[in-house]
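Me: I would like to learn how to read the features of a fold from its coordinates. Please take each term in general, then apply it here.

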Amino acid sequence: MIQNDPIEHLITLLSRLPGLGRRSARRAVLKMLMDPGDKMLPLADALRSAAEAVRPCEVCGNLDAESPCHICTDRHRDRRLVCVVEGVADLWALERAHAHRGTYHVLGGLLSALGGTGPDDLSVTPLLRRIEADGIEEVILALPATVDGATTNHYLTDRVRPTGCTVTRLAQGVPIGGALDVLDDGTLAAAFKARRAL
């Protein structure tokens, strides 16, 4: 029945996207159908264009219409710094925050014994090649504060240190505006451990 009903089919497809359940997808479809010429057809064209043009950057793994991507070709970037992230969403978050003016390297996941993800499943060898070839001086590990993130941090540190490159990681702890009584024990412990002189 859904395949014969274009509205239900569209709702089903949209509801598969992160952050959109069936109710949100239904509202979006209704809004588009009320003005298909202005809302739906340009979206369909943009989706087709992006599907055909966007690809992973051959250097860092970012998604862009060009390869190397606009970040890798930006002459104003500090090429001595490379920030390692789990995925493209993390890279985009750091870019939105204007937090890093170096380059990036997308791992494509995290080491996970339970998930069956090993070192060969990640983009580690290309990172090591970049360190040697590009004269990178510091690798910043911007991985999640999870068990898999910590495991990946340790593994990468062991692989990168022999190159003579400095390895750092993002600070962890109390967020700006965070109240201590609502934070979990792990966050509090990490914040206390990472304290510094004022």
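Reply: Start with the elements: helices (H or I, at least four residues) and strands (E, at least two) are DSSP runs, numbered from the N terminus. By that rule, T103 belongs to strand β4. The model is predicted, so local features need pLDDT of at least 70 and side-chain atom pairs count only at pLDDT 80 or more, while totals for chains, interfaces and linings use all residues. Residues are numbered from 1 along each chain as its sequence is written, and side-chain values use heavy atoms, with hydrogens and water left out.

Me: Is T103 buried or exposed?

Reply: Buried means under 20% relative accessible area, exposed over 50%, and partly exposed in between (1.4 Å probe, protein chains only). T103 has 3% relative accessibility and therefore counts as buried.

Me: Which residues does T103 touch, leaving out those up to four places away in sequence?

Reply: Contact means heavy atoms within 4.5 Å. With that exclusion, T103 touches R77, D78, R79, L81, V82, C83 and R130.

Me: In what order do the four strands of the open sheet stand?

Reply: Two strands pair if DSSP finds at least two bridges between them. Here the order is β4-β3-β5-β6, with parallel pairing. β4 and β6 (166–169) are the edge strands; each has a single partner strand, so one side of each is left without a neighbour in the sheet.

Me: How many bridges hold each pair?

Reply: β3 (residues 78–85) and β4 (residues 102–106) pair over five bridges, with V85 opposite V106. β3 and β5 (residues 138–142) are also joined by five bridges, and V84 faces L141 there. β5 and β6 pair over four bridges; V139 has V167 as its bridge partner in β6.

Me: What is the handedness of the unit made by β3, α4 and β4?

Reply: A crossover is right-handed if, with the strands pointing away from the viewer, the path from the first strand over the helix to the second runs clockwise. The β-α-β unit of β3, helix α4 (residues 88–96) and β4 is right-handed.

Me: At what angles do α4 and α6 run to the strands?

Reply: Axes are lines fitted to C-alpha atoms, for helices over the stretch in contact, and angles run from 0 to 180 degrees between N-to-C directions. α4 lies across β3, β4 and β5, at about 160 degrees to β4. α6 lies across β3, β5 and β6, at about 170 degrees to β5.

Me: Which residues have the most contacts inside the largest nonpolar core?

Reply: A nonpolar core is a set of buried Ala, Val, Leu, Ile, Met, Phe, Trp, Tyr and Cys residues joined through side-chain atoms within 4.5 Å. The largest has 18 residues, and V84, I131, V139, L156 and V160 have the most contacts inside it. Two or more residues come from each of β3, α5 (124–134), β5 and α6 (147–160); α5 gives the most, with four. Beyond its neighbours within four places in sequence, I131 is in contact with I136, V139, V160, T163 and C165. Another core, of 14 residues, lies apart from this one and includes C60, I71, C72 and V106.

Me: Where does N153 lie, and what does N153 touch?

Reply: N153 is in helix α6 and is buried, with a relative accessible area of 10%. Residues up to four places away in sequence aside, N153 touches L141, L143 and R169.
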